[in-house]
Amino acid sequence: MVDNDEMSLWSLERIIRERIPQATLLWTTRDGSQALSYASNPDMQPDVMMVDMSMEVLSGLTVCRRIRRAGDEVSLLAITSFALAVYAADASRAGAQGIATKNDEEDLIAGLTAVADGGVYGGDGFETAPMAHFRLENAPATVQDMLTTREAQTMDLLAEGLDDETIAQRLNVSRDTVRKHVQTSMHKLGVNTRWQALLRWTGSEKNGRRYAL
């Protein structure tokens, strides 16, 4: 399980241990990049990963897309405390097999069981792991695929309106490192300014969304 809220992790762990005693919980983490590392490690790789959608630093959608584009070994259940419609379509496109609300134990258990059995859950549009992997593996690279995990983290925090100093503190790096990540991201995204990089990273250049910087 990956969720940046410690209380949510505690609650989810309790639910699984009480409601699905036959399940083995391999690990929990509050760090999306750590979850990516575990997912690619044969000794730590789970059958199912529950991924919170509204994580800080590295979004749940980015975590799902990177895991699914890399392979189909891990089934992904998106979880959220927001209305499911907020994330359902994006989670499906990112390669998740289903979505469930953290506000309803029955929904969580049903979603986890369905995904663990190789199925899908949470409405139309979700695909099995092999189908989603085939789609993403053969799709043109998106801006989310262009950047490294750390560069993506930096751009996500920049999109939240944080300055370099705050981003450096969040990522436990220097301000110079943050600036280097931004410069490298700008180059990969084919733009000349931070403003242009943000528009391209968030998709705002296509949907007309505006940011105040």
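Biologist: Which residues line the second largest pocket, and which of them lie nearest its centre?

Modeller: Rolling a probe the size of a water molecule over the atoms shows where empty space is left. A pocket is an open set of points on a 1 Å grid over the protein atoms alone, where a 1.4 Å probe fits, with protein on both sides within 12 Å along at least five of seven lines; lining residues have an atom within 4 Å of a point. In this predicted model, local features need pLDDT of at least 70 and side-chain atom pairs 80 or more, while totals for chains, interfaces and linings use all residues. Residues are numbered from 1 along each chain, and side-chain values use heavy atoms, without hydrogens and water. Here 17 residues line the second largest pocket, with Ala 23, Thr 24, Val 48, Leu 112 and Ala 116 nearest its centre.

Biologist: How many salt bridges are there?

Modeller: A salt bridge is a side-chain nitrogen of Lys or Arg within 4 Å of a carboxyl oxygen of Asp or Glu. The count comes to 17. One of them pairs Glu 106 with Arg 19, the closest N and O atoms being 3.1 Å apart. Another joins Asp 52 and Lys 102, with closest N and O atoms 3.3 Å apart.

Biologist: Is Asp 52 buried or exposed?

Modeller: Buried means under 20% relative accessible area, exposed over 50%, and partly exposed in between (1.4 Å probe, protein chains only). Asp 52 is buried, at 1%. Arg 19, at 35%, counts as partly exposed.

Biologist: What is His 181 in contact with?

Modeller: Contact means heavy atoms within 4.5 Å. Apart from neighbours within four places in sequence, His 181 touches Arg 150, Glu 151 and Thr 154. His 181 is buried, at 15% relative accessibility.
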